[in-house]
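Open your viewer and load the model.

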Amino acid sequence: MSSNAVPALGRRELTRWFWRQLTSMRTALLLLLLLAIAAVPGSLYPQRGVDARAVETYFLEHPKSAPVLDNLGMFAVYSSPWFSAVYLLLMVSLIGCILPRSFVYLRAVRARPPRAPRNFARLPASASFETDASTADVVAAARRALGRSRIDVVDRDVDGETVREVSAEKGFLREAGNLLFHVSIVVVLIGVAVGTLFGYRGSVIVTDDGGQFANSLPQYDEFSSGTLFDSSELPPFAFTLDQVTARFQPFGSPQAGAPREFRAQGTYTAKPGDADRPFDITVNHPLSIGSTSVYLLGQGYAPVFKITDAQGNVVFNDAVPFLPADATYTSNGIIKVPDAEPEQLGFQGFFLPTAVTQGGKELSTSAHPAAANPLVGLNVWHGDLGLDEGRSQSVFILDKSKMQQYKNGAQAFRVSLQPGMSADLPDGGTIEFTELRQFARFQIGSSPLVKVPLFGIVAGLIGLMTSLTIKPRRTWIRTRRDGSRTVVDVAVLDRVPRDDLPADLDEFLERFKDALGDTEEKTV
Amino acid sequence: MTLENYAQLSNYAVASATGILALAFVAYVAQWGFARKVAPDRELVTAGSVDAPTSGSDPVERSNMAGGIGLSLTTLAAVVLLAGVASRGLAAERVPWGNMYEFGCAATLAALTAYLVLVRVWEIDWVGPIITGFGTVVLGASATVYVPAGPLVPALHSYWLVIHVLGAIISGSAFLVGAAASILYLVKSRAERNTPEDRRVGFLWRIPSSAKIDQVAYRVHAFAFPIWTFAALIAGPIWAQYAWGRYWGWDPKEVWAFITWVVYAGYLHARATAGWKGKAAAILALIGFATFVFNFVGVNLWVGGMHSYAK
């Protein structure tokens, strides 16, 4: 084997080779499957864009593996470089496939049907028969039987004999549908990209003790926006939440505890200076303010606590959202009291809407999500909450690294409170559960051009159905006089192989002969 | 009847349908079993001979009879299950596909209906054992996630529930028929390659050629794929925009619906790609169905997310 058996590829050849590889069907197929595989981890690990709090929890529970996974982009799979690489390559491959095929298609649409092949027997389905009709009648009958096909008739001289050939082609819309489908996917992706680049979305928890929200960045608990979104352009609406209603299937009925209704009511102003207008948001009925929509995503309980420190000052008096952890609304929450003297205080505990006693022990589980017998249980820490380090801290996570827990002998000190009750704290302060309110979690967002992906995918579906149902078919008919008879040869070819072709040919022959019979009756 | 009566009736009907379907499965397995030593052209011989035994001791006749019983029992199971699903809807005063149990029953009903229709159109009774076996498992497993009939959670208070979930049910049932045909395609095409002519005995040689099976599989998938596109990528996002404020949010259920879509898109492409036609394409169809099933079972029970309406 000589060393120059494989000629070195120049840059152009290499580029061309690479382009041909990328736009080949096989590569497209592999990229498609790679995309499916690449999407899997995003459903198994919590995603920042979906549930940022779940990611924080994962970091706390898996301190060793979480940073490694984070570096691999496992908590933001759909914006990770490797996922982007796959879909960008797929998109390039798609466009590289659509463009040349469009040109081929445009040529094919203008072209005449191809000439009949010499040997019909080599085609997947063919037949021949004899008739008394003239070749002209045969051609006329063929035109009728072929219906809405593109038809050419050619007279040819074969060995001194005149042979008339009919070439017909139909089903051009199949490729049109195919191209429409693939162009639509590009349109959908562009529409999604534009919506993501210029859109924003955030979520916020508001308590219904007249809790307020004004649409500006610091007010959000979670916020994400596209790179081309300018946060100074947030529409300046504001709202006040007066009432959250949650109804559940009553105790003792089938599906007891299943949620039945969630509703958030209050007032809003579209921009400063406007009059207050009432709103009423339910789960499938968001509030629209201009291009922005406000959705009710969830709700839960927010006990109101009044805390006095050892000096007797009221250092906390607010509703505290407790996040539901299960279907009975057993909820978890924390209270941070940075103003307490002499030491900062931190509370962590649970809330039970319908606390029940099990086996004579403490009230420990919730039997129903409605607040029939509300109870909070809190453990107490004292020390440094770690708020001064400048690092932003979640309001739902208590950093205990610089705090000590109050103990009651060997056991943790715990306060159990029902509405209206208060308890003394070990450092001399008090905590009072003054009343029970609820909170609502809203999602607020706007994504421009939301209709582009919708129209894109609908057009794609139409294209898809066209390409799946239309049969592109070529039919050739060759006819010549043989003595007093006319010999007719018929062959059909599908651009997409199908094995019902012989049956279809039989059906066509029947139509053809019927048409021929009509012609004969007229000429006789 | 009161709502409780309807709920009771529904439970009895679904339980009965499960039992009948299990018997149909046994009959279909017997149809294959009785014919395990029969050569493919045997039927012509018995049909042609005047003094053919009619006692039922002939394996071909026994096989045919078992197949007939299987088909009748499947039809009966579908009718009883229809009563179960319909009375469930009456008991809950809404469409009967609001949670995992109801989806399992309604989807099995759709799959049985699709099968029975296609038996008439394309004579696909050879997928009977797979359809009835899988249907029995789905109905049995649905019982483990049973919830009493009742109204819907607020998130499902939308007419999109009818459209979105019905689309998933129809395409899912067609995907099942497609997967069953793909399994038999793989078995049959392998047998066609490896079995010498004189050893071709058994029911496998009494069903259509692998090319014909492949065609059935393709047609069913070509029917199901656009409906899945509509259910998962059009109706779903529109509803999500109303309910959650975003049309696509990579919720686990959405991720797996997308994966299913991509795999079936791969299947349609593979059928037109050299080297992928036939076996590889059929395996892709099975992977597609596996992702659909995982989305229903795995994501509902173990992964969670915003689509968690199992209970």
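**Whole chain**

Select chain A: buried residues make up 31% of its 524 residues. A residue is buried if 20 or more other C-beta atoms, placed from the backbone, lie within 10 Å of its own; it is exposed with 12 or fewer, and partly exposed in between. This is a predicted model: local features need pLDDT of at least 70, side-chain atom pairs count only at pLDDT 80 or more, and totals for chains, interfaces and linings use all residues. Residues are numbered from 1 along each chain as its sequence is written, while chains are lettered from A and ligands numbered from 1 in the order in which they are written.

Colour chain A by secondary structure to find 10 helices and 26 strands. These are DSSP runs, numbered from the N terminus: helices are H or I with at least four residues, strands are E with at least two.

**The sheet**

Two strands pair if DSSP finds at least two bridges between them.

Now zoom in on strand 25 (residues 473-482) and strand 26 (residues 485-494) of chain A, which pair over 10 bridges in the antiparallel sense. Click Arg474(A): opposite stands Leu493(A), in strand 26 of chain A.

**One loop residue**

Go to Thr328(A), in the loop between strand 13 (323-324) and strand 14 (331-337) of chain A. Is Thr328(A) buried or exposed? Thr328(A) is buried, because 20 other C-beta atoms lie within 10 Å.

**Where the chains touch**

Show chain B as well. 44 residues of chain A are in contact with 44 residues of chain B; contact means that C-beta atoms, placed from the backbone, lie within 7 Å. Select helix 2 of chain A: it gives the largest share of the side that touches chain B, 9 residues. Colour that side of chain A by class to see 28 nonpolar, 11 polar and 5 charged residues. Ala, Val, Leu, Ile, Met, Phe, Trp, Tyr, Cys and Pro count as nonpolar, Asp, Glu, Lys and Arg as charged, and the others, Gly among them, as polar.

Technical notes. Contact = placed C-beta atoms within 7 Å.
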